[in-house]
Amino acid sequence: MEKFDCRAFMASVRREAGERVVPVSPRALLELLRLDGVDFLLAAYRTLLRREADPSGLRAYEARARSLPGRLRILLSLLLSPERLNAPLPLQRLLARLRGRR
């Protein structure tokens with residue numbers, strides 16, 4: 001029996017649902033970093049994980065979202081989370097390249 005490929009399965013679900021992959025440009029990431037607090041968190045979850053932020057995520061990250069270093073850490077946490085499979089494909093590719101350079 002073959003191992004279940006979650007990434008391939010979710011890609012087929014997104015295709016069937018008609019979801020269009022919208023690349024995240026560097027400009028969009030800069031705009032995201034200009035936000036702070038809850039506005040940043042809501043936008044980061046929508047942009048990177050393609051979902052709304054849950055209350056526990058908001059509480060956990062709210063204090064850090066007030067500073068630029070904190071926002072950068074949050075972005076990395078979201079990008080390195082298991083949910084990154086939902087991240088836009090260009091970001092997934094970038095992360096894969098970065099992991100290869102360790």
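## Contacts of L75

L75 touches L32, L33, F40, A44 and L48, neighbours within four places in sequence left aside. Contact here means heavy atoms within 4.5 Å. The model is a predicted one, in which local features need pLDDT of at least 70, side-chain atom pairs count only at pLDDT 80 or more, and totals for chains, interfaces and linings use all residues. Numbering runs from 1 along each chain as its sequence is written, and side-chain values use heavy atoms, with hydrogens and water left out.

L75 also belongs to the largest nonpolar core, which has 17 residues. A nonpolar core is a set of buried Ala, Val, Leu, Ile, Met, Phe, Trp, Tyr and Cys residues joined through side-chain atoms within 4.5 Å. F40, I74, L75 and L78 have the most contacts inside this core. Helices α2 (26-34), α3 (37-49) and α5 each supply at least two of its residues. The top contributor is α3, with 7 residues.

## Fold and confidence

The protein chain has 6 helices and 0 strands. Its pattern along the sequence is α-α-α-α-α-α. Helices (H or I, at least four residues) and strands (E, at least two) are DSSP runs, numbered from the N terminus. Of the contacts with a separation of 6 or more, 57% join residues 24 or more positions apart.

Mean pLDDT for the protein chain is 79, and 77% of the residues score at least 70. pLDDT is the predictor's confidence in each residue, from 0 to 100. Among the elements, helix α1 (residues 6-17) has the lowest mean, 70, and helix α4 (residues 55-61) the highest, 91. Where pLDDT is low, predicted coordinates should not be read in detail.

## Two residues of α5

L72 lies in helix α5 (residues 68-79). L72 is partly exposed, because its relative accessible area is 39%. The cut-offs are under 20% for buried and over 50% for exposed, with partly exposed in between (1.4 Å probe, protein chains only). The C-alpha atom of L72 is 7.7 Å from that of L33, 39 residues away along the chain.

R73 is in helix α5 too. With a relative accessible area of 51%, R73 is exposed. Its C-alpha atom and that of Y61 are separated by 9.6 Å, at 12 residues apart along the chain.

## Surface

Of the 102 residues in the protein chain, 27% count as buried. The accessible surface comes to about 7300 Å², and 57% of this belongs to carbon and sulfur atoms. Areas come from the Shrake-Rupley method with a 1.4 Å probe; for residues, only the protein chains shown count as cover.

F4, F9 and V13 make a nonpolar surface patch of about 300 Å². Patch residues have over 30% relative accessible area and no salt bridge; like charges are joined within 9 Å, nonpolar side chains (Val, Leu, Ile, Met, Phe, Trp, Tyr) within 5 Å. F4 sits in the segment before α1. At 58% relative accessibility, F4 is exposed.

## Salt bridges

The whole structure holds 3 salt bridges. Each is a side-chain nitrogen of Lys or Arg within 4 Å of a carboxyl oxygen of Asp or Glu. R34 pairs with E31 at 2.5 Å, N to O. These two are 3 residues apart in helix α2, so about one helical turn separates them. R34 is exposed at 59%; E31 is partly exposed at 41%.

R46 meets E52 at 2.9 Å, N to O. R46 is partly exposed at 43%, and E52 is partly exposed at 46%. R51 bridges to D54, the closest N and O atoms being 3.1 Å apart. R51 is partly exposed at 27%, and D54 is partly exposed at 24%.
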